[in-house]
Amino acid sequence: GDHRDLHSVPTRRSSDLGSCPAIEQAETAGVEAAIVARESFGAHFDRHAYTVRLTSLLEEAAIDLVAMAGFGTILAAPIYDRYAGRILNTHPSLLPAFPGWHAVEDALAHGVKMTGCTVHQATLAVDSGPILAQEAVSVLPDDDAASLHERIKAVERRLYVEVITRVTADHLRFAPSVPCTRLLRFSTNPALPTLPAASSTCTPDWFPPAAPPPSRCSPGLRS
């Protein structure tokens, strides 16, 4: 399809601004980047104002699709109103299991034999948006949080790129309104069980003006 410019708008704590590898990598790749610093991490943090500031920057940069990664700040409604169905996120568990910031530790604490990663549409409700893709990762007997998370991240980095590529190529806008086949990709490890496909939702209305929407979402990333 046509070439589409990608803009990176990473965020970082103000105390870390002296060294931000994401900014350095963006400069090396020639990708426009900006830091939207969060001034407070305490009770006085104005979540709504921060969200408005971030959303305004995205609008000024003419961003079409927002892809969050390791973004620990819960955002307020304005960004979800402005970019409804166009915000993606990745999470280190097989949602809806183990939502929240300590998903890897929670999986180990519960003694599960299988966890993984999920790419989903981000919504105002944290870790609750429609699932776009998942891949399972076995929990090994000697795993701790660090070792397990590293293996999940290895899968996550690949799967997230695949989903973003698919979404931008197909011009799909995912939103909780029309039934659609969930996009699944599970590990080919024969020791892992075969997990059934589940239904999710999407609205196939994010298309160029000249392109008619399909009758259903493309079942890409299924293996």
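Accessible areas here come from the Shrake-Rupley method with a 1.4 Å probe, and on that basis the chain exposes about 12200 Å², of which carbon and sulfur atoms supply 56%. The model is a predicted one, and its chain of 223 residues has 39% of them buried. Five helices and six strands make up the secondary structure of the chain, and a sheet of four strands, ordered β1-β2-β3-β4, is open and has mixed pairing. The points below begin with the chain as a whole, then take up the sheet, and then turn to individual residues.

**Chain as a whole**

- Read from the N terminus, the elements follow one another as α-α-β-α-β-α-β-β-α-β-β.
- Of the contacts in the chain between residues at least 6 apart in sequence, 62% join residues that are at least 24 apart.
- Searching the whole structure for aromatic pairs gives one such pair.

**The four-stranded sheet**

- The strand order in this open sheet is β1-β2-β3-β4, and the pairing along it is mixed; β1 and β4 stand at the edges with a single partner strand each, so one side of each of these strands is left without a neighbour in the sheet.
- Strand β2, which spans residues 87-91, runs antiparallel to β3, and four bridges join the two strands; within this pairing, H91 stands opposite T118 in β3.
- On the pairing of β3 with β4, which covers residues 131-138, there are seven bridges, and these two strands also run antiparallel.

**Strand β3 and residue T115**

- Strand β3 takes in residues 114-121 and is mostly covered, with seven of its eight residues buried.
- T115 lies in this strand, β3, and it counts as buried because its relative accessibility is 3%, where the cut-off for a buried residue is under 20%.
- Leaving aside residues up to four places away in sequence, T115 touches P92, S93, L94, A107, E135, A136, V137, V139, L148 and I152.

**Helix α5 and residue K153**

- K153 has its place in helix α5, which runs over residues 145-170.
- With a relative accessible area of 23%, K153 is partly exposed, a class that lies between the limits of under 20% for buried and over 50% for exposed.
- The side chain of K153 makes a polar contact with the side chain of E150, at 2.8 Å.
- K153 and H91 are separated by 62 residues in sequence, while their C-alpha atoms are 9.4 Å apart in space; H91 is also the residue that stands opposite T118 in β3.

**Charges over aromatic rings**

- R38 lies over the face of F45, at a distance of 3.7 Å from the ring centre.
- R82 lies over the face of Y83, here at 4.6 Å from the ring centre.

**Backbone features in loops**

- The peptide bond that joins L95 and P96 is cis, with omega about 15°, and P96 is found in the loop between β2 and α4, the latter being residues 103-109.
- A62, although it is not a glycine, has a positive phi of about 55°; its place is in the loop between α2 (47-60) and β1 (66-67).
- A62 counts as exposed because its relative accessibility is 56%, the limit for that class being over 50%.
- D127, likewise a residue other than glycine, has a positive phi near 55°, and it is found in the loop between β3 and β4.
- D127 is buried, with a relative accessible area of 13%, whereas A62 is exposed at 56% relative accessibility.

Note on methods. Residues numbered from 1 in each chain as written. Predicted model: local features only at pLDDT ≥ 70, side-chain atom pairs only at ≥ 80, totals over all residues. Heavy atoms only, no water. Buried < 20%, exposed > 50% of the residue type's maximum accessible area, 1.4 Å probe, protein only. Pairing = 2+ DSSP bridges. Contact = heavy atoms within 4.5 Å. Phe/Tyr/Trp six-rings, centres within 6.5 Å; stacked < 30°, edge-to-face > 60°. Lys NZ or Arg CZ within 6 Å of the ring centre and 35° of its normal. Polar contact = N/O pair within 3.5 Å; in protein donor to acceptor, adjacent residues only side chain to side chain.
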